[in-house]
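Colleague: Please pick one part of this model and take me through it closely. Keep it brisk, and give me the cut-offs as you go.

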Amino acid sequence: MASVYRRKHCETVNGKKIKRQSKCWYVKYRDRDGAECRVKGYTDKEATRQMAARLEKEAALAGEGVIDRYKEHRTRPLTEHLEDFRQSLSAKGNTAKHAEMTFARAKTIIEGCGFTVWGDISASRVQQQLADMRSGPEGISAQTCNFYLQSVKQFCRWMVLDQRASESPVAYLKRLNVKTDRRHDRRALEVDEMRRLLSATQGAGRRFGMTGPERAMLYRIAIETGLRANELRTLTAGSFDLDGCTVTVEAGYSKHRRQDILPLRPATATELRQFLQSKVPNSRVFRVPDKTAKMFRLTWQRPLSRMSMGQAVLRTSTR
């Protein structure tokens, strides 16, 4: 039977020892294993009695196998859960950039809605926050909105899979139709545009740590293979089979998480043979900068459209 009491302690006043009672009440009860537990309560006795009854009931339910395994996680701040989520993204083998971006997007939505603990998360408030972010002339596009929604849904799904919550409160939210709100359409380069690009780059000076011919070869490989910027960064001299006219992206670096062997044109393989003569087999071939679009725009002075030409060349998904 749980009980409440006040602790007594001695104080020395003017050389005399005086017994005093604590301001707060304490609860004494037995847990599911019969061990005696003492917990600090409140300054109000009745409130402490109610606390004692609750603790006693929870201990009884735990003894019968009926326990609330999510109780601890419901009271933890969402900032702590988000930090654990970021670490799990990195542990899964995601790149640091992807883990940080997913974490930042989920955090932006959660902080924008004012959520502090798991029980605060509401699908309708998330939906409203995304709508607010899209409103106005400077609002985000439908595609960007979907990225934010995907991140917060991924966080909530991780909470369920990690047994920190019973279900995701945002599971039913749907992505927007991006076709109704296109801001930057991508398209493939025309043949004439490709030729002018490679010609202009070949004769350009050194920029972003690469000479003009090095950047021209980078663009050529990107156009022929459709490799993304992160995949191009991982290519070494040993990635190229010039006799078989192929280039290999290892599974650890491929977006598909599988080894990709892509064909090269014989003319490109011939030029690569001379281009790679001074390269050590395990050395990286290209020094691809983080801002690939900026590098591309410096070469391509005349904008062809509102789209990002660097993305069209270096991030095309056509294989």
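**An aromatic cluster and the helices around it**

Modeller: Phe-85, Trp-118, Phe-155 and Trp-158 form one aromatic cluster. The model is predicted, so local features need pLDDT of at least 70 and side-chain atom pairs pLDDT 80 or more, while totals for chains, interfaces and linings use all residues. Residues are numbered from 1 along each chain as its sequence is written, and side-chain values use heavy atoms, leaving out hydrogens and water.

Start with the rings. There are 6 aromatic pairs in the structure (Phe, Tyr or Trp rings, the six-membered one for Trp, with centres within 6.5 Å). In one of them, the ring centres of Phe-85 and Phe-155 lie 5.4 Å apart. Their planes stand at 70°, so this pair is edge-to-face (over 60 degrees; under 30 is stacked, the rest tilted). The partners come from distant parts of the chain, 70 residues apart. Phe-85 belongs to helix 3 (residues 78-91), Phe-155 to helix 6 (helices are DSSP runs of H or I, at least four residues, numbered from the N terminus).

Helix 4 (residues 96-113) packs on helix 6 (residues 142-161) at about 90°, and the axes are 8 Å apart (lines fitted to C-alpha atoms over the stretch in contact; angles run from 0 to 180 degrees between N-to-C directions). The two helices are therefore roughly perpendicular (65 to 115 degrees; under 35 is roughly parallel, over 145 roughly antiparallel, the rest oblique).

Which residues make the contact? Helix 6 brings Phe-147, Tyr-148, Ser-151, Val-152, Gln-154 and Phe-155. Helix 4 brings Thr-102, Arg-105, Ala-106, Thr-108, Ile-109 and Ile-110 (contact means heavy atoms within 4.5 Å). By class, 7 of the contact residues are nonpolar, 4 polar and 1 charged (Asp, Glu, Lys and Arg are charged; Ala, Val, Leu, Ile, Met, Phe, Trp, Tyr, Cys and Pro nonpolar; the others, Gly among them, polar).
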